[in-house]
Amino acid sequence: MVGGAVFAASPSGRPIPAGRPADVLASAIDRLGELPEHGLGANAALARLTEVLAEYDVDLTHPFAAAHLQPPPLAVAVAADALAAAGNASLDTYDSGPAAIAVERWVVAALTGLAGFGPGADGVFTPGGTLSNLTALLLARDAAAARLGVDVRSDGVAALPDPVVLCSEAAHFSVQRACAALGIGEHAVRPVAVDPLRRMRPDALDSQLRSGGTPVAVVATAGTTDFGSVDPLHEVAEVAREHGAWLHVDAAYGFGALFSAKLAGLVDGLSLADSVTADLHKIGWQPASASVLLVRSAASFGALERSVAYLNPEDDRAEGYDGTLGRTLQTTRRADAVKVAATLLALGRAGLGALVDRCHELARHAAGLIAADPAFELVGGATLTTVVFRYRTADESRSDEVNAGLRRRLLRSGEALVGRTEVDKATCLKFTLLNPNAREADLVALLALVREAGSAAERLLEGVA
């Protein structure tokens with residue numbers, strides 16, 4: 001047990017069910033049976049679902065579950081999440097959940113403090129980092145339009161001349177999706193060149209901003225999905241400020257580094273952002289979802305202000321009977337902050353920091369094992385908790401095919417859950433190490449499985465097996 005943390009376990013003996021996807025899904029559906037006419041009763045229904053989930057779902061507590069930014073959840077967070085569900089509060093209005101609103105305000109204040117924001121900061125929980133990024137870019141879009149005297153909330157984006165959003169070549173795809181949803185369009189996103197460490201180059205950003213268009217936002221990344229790379233936030237902020245652009249930092253992955261005294265320096269400069277995305281269902285060990293959008297100034301939420309007669313009429317708001325309807329695109333919104341509050345209270349910053357440090361140690365150890373093994377090529381990582389690598393093949397022309405095939409072989413066998421990505425158009429494998437209870441010996445065994453699967457995939461392509 002690391003940092004006093006206990007994880008909710010669903011041990012199945014394997015990280016993912018064995019078999020081909022169609023067969024696994026069909027078997028799970030068949031186990032659920034037909035829709036009953038009169039019902040099975042609560043106990044029987046829960047027993048059946050428990051069997052299905054235990055047999056056919058992933059087991060994130062397994063040491064060979066290392067594919068995604070999807071951690072085993074803390075037991076205290078799971079219990080608190082059930083507590084929140086039992087209350088069924090909604091945060092849109094005061095009379096739908098006053099305690100839930102208070103808890104979210106407490107958590108937001110704690111997180112804005114970690115980010116280095118001042119007392120005027122604010123934030124709101126969202127269903128995920130994609131929605132946090134979308135909301136941030138909505139605020140940025142409206143702020144850019146307001147500077148030009150355009151009211152896009154009422155009149156749309158047609159009057160906003162040539163809007164552009166700048167982000168690095170390694171930024172998350174949700175930036176493009178957000179721009180599409182906001183009417184700016186995916187072509188408004190201008191990718192900025194990165195350095196050898198896959199960090200945005202401030203000089204390239206400056207050049208892009210000088211090439212024309214209305215700068216809606218600069219999106220920096222603090223923790224890229226594959227490599228954990230962090231853009232140089234101080235320098236990026238200086239360039240964005242010079243051009244009058246909103247600075248949003250997508251720290252969905254990297255925000256958790258702030259819990260660690262050793263790693264917090266990686267994300268130094270977050271306080272210079274206008275908005276920050278943090279996903280605590282990544283480095284935070286929360287049940288999904290637990291994303292939060294933080295803003296340096298509460299006034300930034302003005303673009304989302306809404307008063308509705310049956311929810312939050314103005315005279316009620318004036319008397320303090322208000323919720324969070326004016327901070328989010330959602331109306332009904334569950335109390336996701338409750339599980340985060342339970343975690344922060346139970347473990348404290350130091351307890352969570354110990355989990356972060358342990359996973360970082362595992363990533364560094366995995367990188368060392370891979371670099372020392374002639375069967376593998378270390379591509380990069382271990383900045384946070386990810387390691388990217390390739391299985392070396394005798395025939396380099398078959399490398400992509402073998403690396404993709406060996407991963408599927410491990411999935412079909414149910415032996416290991418390993419990630420996959422693409423770097424410079426080459427298919428790569430990835431370990432995402434978010435299980436603090438995993439041991440160094442588990443990494444040795446996991447790499448042995450990858451090595452064996454790679455050899456089998458090679459033989460299959462050669463027609464030997």
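Which residue in β6 does Thr221 stand opposite? The model considered here is predicted, and within it Thr221 stands opposite Asp250 in β6.

## The seven-stranded sheet

An open sheet is built from 7 strands in the order β2-β8-β7-β6-β5-β3-β4, and its pairing is mixed. Its edge strands are β2, residues 122–126, and β4, residues 189–192, each of which pairs on one side only. From one strand to the next, the twist averages 20°.

Strands of a sheet pair through backbone hydrogen bonds, and the pairing may be parallel or antiparallel. Strand β5 (residues 214–221) and strand β6 (residues 246–250) run parallel and are joined by 5 bridges. An antiparallel example is given by β2 and β8, which are also joined by 5 bridges. Here Thr126 has Ser291 in β8 as its bridge partner. Strand β7 (residues 275–279) pairs with β8 over 5 bridges, in the antiparallel sense, and Val276 has Leu294 in β8 as its bridge partner.

## A buried strand

Strand β8 (residues 291–295) is largely enclosed by the rest of the structure, because 5 of its 5 residues are buried. Both of its faces are covered. Ser291, Leu293 and Val295 are buried on one side, while Val292 and Leu294 are buried on the other.

## The five-stranded sheet

Another open sheet, of 5 strands, has the order β1-β11-β12-β10-β9, again with mixed pairing. The edge strands, pairing on one side only, are β1 (65–66) and β9 (376–381). Strand β11 (residues 417–423) and strand β12 (residues 426–432) run antiparallel and are connected by 5 bridges. In this pair, Thr421 stands opposite Cys428 in β12.

Helix α13 (residues 440–462) packs on the sheet, where it touches β1, β9, β10, β11 and β12. The direction of α13 makes about 30° with that of β10. Helix α11 lies across β9, β10 (386–391) and β12, and runs at about 20° to β10.

## Two helices in contact

Helix α11 (residues 337–372) also packs against helix α4 (residues 98–115). The angle between them is about 55°, and their axes are 9 Å apart. An angle of about 55° is neither roughly parallel nor roughly perpendicular, so α4 and α11 are described as oblique to each other. The crossing of α4 past α11 is left-handed.

On the α4 side, the contact involves Val103, Glu104, Trp106, Val107, Ala110 and Leu114. These meet Ala337, Val338, Val340, Ala341, Leu344, Leu345 and Arg349 in α11. By class, this contact has 11 nonpolar residues, no polar residues and 2 charged residues.

Thr343 lies in helix α11. With a relative accessible area of 1%, Thr343 falls under the 20% cut-off and is therefore buried. Leaving aside residues up to four places away in sequence, Thr343 touches Leu74, Val76, Ala77, Gly284, Gln286, Gly348 and Leu352.

Gly228 is placed in the loop between β5 and α9 (233–242). Its relative accessible area is 0%, so Gly228 is buried as well. Not counting residues up to four places away in sequence, the residues that Gly228 touches are Gly223, Tyr253, Thr383, Leu384 and Thr386. Gly228 and Gln176 are 52 residues apart in sequence, and their C-alpha atoms lie 20 Å apart in space.

Key: Residues numbered from 1 in each chain as written. Predicted model: local features only at pLDDT ≥ 70, side-chain atom pairs only at ≥ 80, totals over all residues. Heavy atoms only, no water. Axes fitted to C-alpha atoms, helices over the stretch in contact; angles between N-to-C directions. Helix = DSSP H or I, 4+ residues; strand = E, 2+ residues; numbered from the N terminus. Parallel < 35°, antiparallel > 145°, perpendicular 65-115°, else oblique. Left-handed = near helix turned anticlockwise from the far one by under 90°. Contact = heavy atoms within 4.5 Å. Nonpolar A, V, L, I, M, F, W, Y, C, P; charged D, E, K, R; others polar. Pairing = 2+ DSSP bridges. Buried < 20%, exposed > 50% of the residue type's maximum accessible area, 1.4 Å probe, protein only.
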